[in-house]
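Thanks for coming. Please look at the model on the screen.

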Amino acid sequence: MELVTIGKILNAVGLRGEVKVFVITDFPSKRFKKGQRVFLSFENSQEYFETIIAASRKSQDRYILTFENMTVIENVQKYVGCLILIDKKAENLPKDFYYHSDLVGCAVIDESNQVIGRVSKVEDYPAHRTLRISRDEGSDVLIPFINVFIKGVNIDKKEIVVHIIEGMLWR
């Protein structure tokens with residue numbers, strides 16, 4: 001089973017076992033719905049705890065969740081800082097949507113087939129996602145993951161074709 005991150009528990013809310021979640025998914029209303037099976041795990045840990053979302057509500061740009069069998073603050077405090085994960089195979093993504101883990105490691109090439117580097121990380125910003133490209137020579141490059149710059153993604157070949165504008169690649 002391959003797990004993908006959909007959120008991170010920021011802190012406990014109130015006394016009834018609710019947690020505030022930082023959202024790391026394009027489909028929060030679907031992923032954080034009541035009855036959804038999720039896994040809780042600390043970053044860089046191979047151990048995880050399986051649970052079910054008992055209740056969910058949106059609060060500004062975050063979600064407030066309650067998990068089954070965790071109805072008091074003492075039950076959830078130990079999970080503050082945990083990632084919330086789902087089984088990758090449980091859902092199919094719509095066209096032109098990708099899991100971050102599928103993009104990391106992809107070769108990034110420009111429209112003239114010149115290799116720029118490899119995706120080392122996908123960073124989430126309020127405006128849009130950004131690819132951090134590691135290069136053999138020079139510093140990392142940030143390329144917004146938007147249609148203006150991303151011309152093609154081939155997960156099977158592990159390639160991303162990008163449009164480069166003047167000044168984007170600092171030396």
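For residue classes, Ala, Val, Leu, Ile, Met, Phe, Trp, Tyr, Cys and Pro count as nonpolar, Asp, Glu, Lys and Arg as charged, and the others, Gly among them, as polar. By that scheme the lining of the largest pocket has 18 nonpolar, seven polar and nine charged residues.

The model is predicted, with local features needing pLDDT of at least 70 and side-chain atom pairs pLDDT 80 or more, while totals for chains, interfaces and linings use all residues. Residues are numbered from 1 along each chain as its sequence is written, and side-chain values use heavy atoms, without hydrogens and water.

A pocket here is an open set of points on a 1 Å grid over the protein atoms alone, where a 1.4 Å probe fits, with protein on both sides within 12 Å along at least five of seven lines; lining residues have an atom within 4 Å of a point.

The largest pocket has a volume of about 930 Å³, the volume being the space filled by probe spheres set on the points, which are joined across faces, edges and corners. Of its 34 lining residues, Tyr98, Tyr99, His100, Val122 and Arg129 lie nearest the centre. β8 gives the largest share of that lining, five residues. Strands are DSSP runs of E, at least two residues, numbered from the N terminus.

Now the loop residues. Asn44 sits between β3 (37-41) and β4 (49-59) and has a positive phi of about 60° without being a glycine. Asn44 is exposed, at 81% relative accessible area, where exposed means over 50% with a 1.4 Å probe, protein chains only. Asn69 is likewise exposed, at 73%, and its phi is near 65°.

Notes:
Helix = DSSP H or I, 4+ residues; strand = E, 2+ residues; numbered from the N terminus. Buried < 20%, exposed > 50% of the residue type's maximum accessible area, 1.4 Å probe, protein only.
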